[in-house]
Every structure is written in structure tokens, then in C-alpha cells.
Amino acid sequence: MSEPEYILVERAKADPEAFGVLYERHLTRVYSYMYNRTGSVPDAEDLTEKVFFQALTHMRSYDSRGIPFSVWLLRIAHNLVANWHRDNSRRRTIRLDDVEPAGEDPPDVERQEERATVRKALANLPSDRQHLLVLKFVEELSNSEIGQVMGRSEGAVKALLHRTLISLRKGLAVNENVHP
Amino acid sequence: MYIHSISPSIEGISRDEDAAGWPDGRVEDAEIGKTVRRLRTVLRPVEPSPIFRQELRLRLALAGRRDRPPVQVASSGELPREVLVGAALLSVAGALVYLWRTRVSHAGAGGSVLAKSSNLPVTAA
């Protein structure tokens, strides 16, 4: 049976081995977030590394009785991505390299075009809305958990999600009209 | 895996909410469901490469050992055994030194008294 997270977190404050277990548990989540926010493997790797080093450095200041460890990591990730977009002036760029997840068949032309359309509409959304969609559809967090990451109430997240999906739908319709 | 998230069961995107303010809530609901399905063709979990996973774990382990906090001595009730034994030995050694010095000084003081007593003026009885 795996060790409960709150015990592991307390041990990880002094024990690098325990931090390694936390790393294994949360790596894919953080990496997925970074890949879907930056759209490139090298940037996702670079930022994922920064997230875990920051977590290691500030581990002793983390209070496990507050927010869950995964939420804490995603807050660090969000701040780093925000800085990354600002520093690189690529806020609206979601490249999502032509790298398909392992085990997937090569996409046909039609599917590639469809994805390009969705990416374009997604990239036109404000950064906080892209952040919300990644938390919802990649990390599969509940609205309450998203609220903890974004510092908003559950109701505010629900409303924002609704507005965001409607904006995205409109954006997709515009793109389809421009490039039918 | 993702079916539960597709409209109308997307948390936060209820049928009632969609229906409010729209001429036909069901149409809107279906449109949002379609948007979510399209979104999922782009946004999805991705696994990092095994090499990256392993290398980063190693680097974190090295950094963790380097920056390991010193052993905390929080209160006297939680003093490590080595510290207690060392303190006891020092106390015993201190006591022995004190006793030895006391005996030496007493012996010295006793000798001088005898020496002085021989120089005392002899008084006539």
C-alpha cells in the first residue's frame, strides 16, 4: 500500500528519497500541463524541471494542511508559464509541436487540419482561459480544485468555464468561416 | 475515460444553465459538447520521455542531498544520545579535575602550615 500523501510530504521536507516518490507521482501531471501550455517538448521539459526544483527548494515552507500538494505544484507551474510567456512574448502562441503522443497512429491530413483549427482558436483565448481549459481537460481537476489553483471560487470557475467554451465555439466558427 | 466530461455532464456546464438565456438550450448544449470533443483532440495528457524522467530524478536527488537540512536539536527532551553521553563524560571529567585540584591545593596548604609553624617565634612558657 502506498504511503498517504500528507505523510510523504512531511518526510520529503528532510528526506530526498521521499521527495523522489512525490516526483514520480506528479511528474506526468506537471509535464502534461507544461506541454499543453507551451506546445513544445523542450520548453515543457525545461519548465517541468524548474517546477520540481522550486518545489524542492521551498518544500519546508509548504504546509500540507493547506492546499493539496498537486495544487501547490500546479500553482508553481502556472507562475512559471506566465513568466515564460511574458519573457518570450509568446503569450498567444500554442505550437503543440507535430509530436503525437506515443502509440498513436500518424494523423491524416484532415485530422491535422482539424487540430490546427482548434489550436488556432485556443491560442486566441486569453492566457487565464487557456490555463483553465488545460486544468479542466488535461489535468481533469474538479471546479473546486481549479478554484484552488487559480485563486477563485468554485462558482467563478464554473462561470468562467462556461464563458470560455462559448468563446471557443465562436472562435472555431470564425476560423471555419475564414478557412472553410 | 473522458466520456463523463462531455456535455451535458461537464461539471459547470449544466443543461439548465445552458438553457437559460438561449433560445434553445438543447442546441447550445450539443454545440458545447461538440466543442469539448474537438478540444480534446488537442488538449490531452502527455507522458514525458523515460530519459527525461530518469535524469531529472537523479538531478533532484543530488540537489536534495546537497541541500539537506542539518539535524535539528529542538528541545532538551529530544537531545540525541551522542550529545547526552558526551555531556555526561565531560561532567565526570570536570568533577575529577576539580577533586584533583582540591586535593593538590589542600596538600600544598598543609605543607606551608607546617613550614610556617617551624618559624613561629618560640614563646617562653
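Student: Which residues in H6(A) meet residues in H7(A)?
Tutor: This is a predicted model, and in it A:Leu132, A:Leu135 and A:Lys136 of H6(A) meet A:Ile146, A:Val149 and A:Met150 of H7(A). By class, that contact has five nonpolar residues, no polar ones and one charged residue.

Student: And at what angle do H6(A) and H7(A) pack?
Tutor: The angle is about 140°, and the axes of H6(A) and H7(A) are 10 Å apart. That makes H6(A) oblique to H7(A), since angles over 145 degrees would be needed to count as roughly antiparallel. As for handedness, H6(A) passes H7(A) in a right-handed crossing.

Student: Why is H7(A) described as largely enclosed?
Tutor: Helix H7 of chain A covers residues 143-150, and because seven of its eight residues are buried, it is largely enclosed by the rest of the structure. Among the buried ones are A:Ile146, A:Val149 and A:Met150, which also take part in the contact with H6(A).

Student: What happens just after H7(A)?
Tutor: There A:Gly151 takes a positive phi of about 70°.

Student: Changing topic, how many residues does each chain give to the contact between A and B?
Tutor: Chain A gives 39 residues and chain B gives 31. On the side of chain A that touches chain B, the elements giving two or more residues include H6 (127-137) and H2 (16-38), and H2(A) provides the largest share, ten residues.

Student: What is that side of chain A made of, by class?
Tutor: It has 24 nonpolar, eight polar and seven charged residues.

Terms used
Residues are numbered from 1 along each chain as its sequence is written. Chains are lettered from A and ligands numbered from 1 in the order in which they are written. This is a predicted model: local features need pLDDT of at least 70, side-chain atom pairs count only at pLDDT 80 or more; totals for chains, interfaces and linings use all residues. Two residues are in contact if their C-beta atoms, placed from the backbone, lie within 7 Å. Helices (H or I, at least four residues) and strands (E, at least two) are DSSP runs, numbered from the N terminus. Ala, Val, Leu, Ile, Met, Phe, Trp, Tyr, Cys and Pro count as nonpolar, Asp, Glu, Lys and Arg as charged, and the others, Gly among them, as polar. A residue is buried if 20 or more other C-beta atoms lie within 10 Å of its own, exposed if 12 or fewer, and partly exposed in between; C-beta atoms are placed from the backbone. Axes are lines fitted to C-alpha atoms, for helices over the stretch in contact, and angles run from 0 to 180 degrees between N-to-C directions. Angles under 35 degrees count as roughly parallel, over 145 as roughly antiparallel, 65 to 115 as roughly perpendicular and the rest as oblique. A crossing is left-handed if the near helix is turned anticlockwise from the far one by less than a right angle, and right-handed if clockwise.
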